Amino acid sequence: MIHSRAENQNGFTLIELLIVTAIIGLLATLTISYYTQYKERAYDVEAKSNLKSLWLTCNLYWHDNKSTSTCTIAAVSTTSYGFETASDVTLSGQGTETTFSGTASHIESPTTFAINAAGNLS
């Protein structure tokens, strides 16, 4: 019995390969856009966390010193308080217990966050 060559061949047609390639490309595009959003949110969380940590460490500083003492990053970065900020977060803040204010932003995110003397982030 002689079979024609087409009956013995296995594989995918060109159309099937193109459809699969298009589906993979679409899924990759969606995944990358969601990944970028998740990454930016993680950067923002890191900036907020550093800012809130500075405020909390300053509260310890004011408890140990007078509440009218000016708390700065340098003052709470000593071994007594051990405050450290992440290297990729730009952080500023200083003030007394009633006048404290600070800002933070991650170098990979366009968002800047602020904190006031009451510890409210915006």
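User: N50: buried or exposed?
Analyst: Buried. N50 has 9% relative accessibility, so it counts as buried. The cut-off for buried is under 20%. Keep in mind that this is a predicted model.

User: Where does N50 sit?
Analyst: In helix α2, which covers residues 14-64.

User: What does the side chain of N50 reach?
Analyst: The backbone nitrogen of A86, at 2.9 Å. There is also a polar atom of the N50 side chain 2.8 Å from the backbone oxygen of E46. That puts backbone atoms of A86 and E46 beside polar atoms of this side chain.

User: Which residues does N50 touch, not counting those up to four places away?
Analyst: F83, E84, T85, A86, V89 and L91.

User: Switching to S109. Where is it found?
Analyst: In a loop. S109 lies between β3 (101-106) and β4 (112-115).

User: Is that one buried or exposed?
Analyst: S109 is buried, because its relative accessibility is 8% and buried means under 20%.

User: What lies 3.3 Å from a polar atom of its side chain?
Analyst: The backbone nitrogen of T111.

User: And which residues is S109 in contact with, leaving aside neighbours within four places?
Analyst: Three names here: E40, Y43 and D44.

User: Let's zoom out. How many helices and strands does the chain have?
Analyst: Three helices and four strands. Along the sequence the pattern reads α-α-β-α-β-β-β.

User: What share of the residues is buried?
Analyst: 25% of the 122 residues. N50 and S109 both count as buried.

User: What about the surface?
Analyst: The protein chain exposes about 8600 Å². Carbon and sulfur atoms supply 59% of that area.

User: How many positive and negative side chains?
Analyst: 6 positive and 10 negative. The centres of the two sets lie 4 Å apart.

User: Last one. What share of contacts joins residues 24 or more positions apart?
Analyst: 47%, taken over contacts in the protein chain with a separation of 6 or more.

Notes: Residues are numbered from 1 along each chain as its sequence is written. This is a predicted model: local features need pLDDT of at least 70, side-chain atom pairs count only at pLDDT 80 or more; totals for chains, interfaces and linings use all residues. Side-chain values use heavy atoms; hydrogens and water are left out. Helices (H or I, at least four residues) and strands (E, at least two) are DSSP runs, numbered from the N terminus. Buried means under 20% relative accessible area, exposed over 50%, partly exposed in between (1.4 Å probe, protein chains only). Contact means heavy atoms within 4.5 Å. Accessible areas come from the Shrake-Rupley method with a 1.4 Å probe; for residues, only the protein chains shown count as cover. Lys and Arg count as positive and Asp and Glu as negative; His and the chain ends are not counted. The place of a charge is taken as NZ of Lys, CZ of Arg, CG of Asp or CD of Glu. A polar contact is a pair of N or O atoms within 3.5 Å; within protein, one must be able to donate a hydrogen and the other to accept it, and residues adjacent in sequence count only if both atoms are side-chain atoms.
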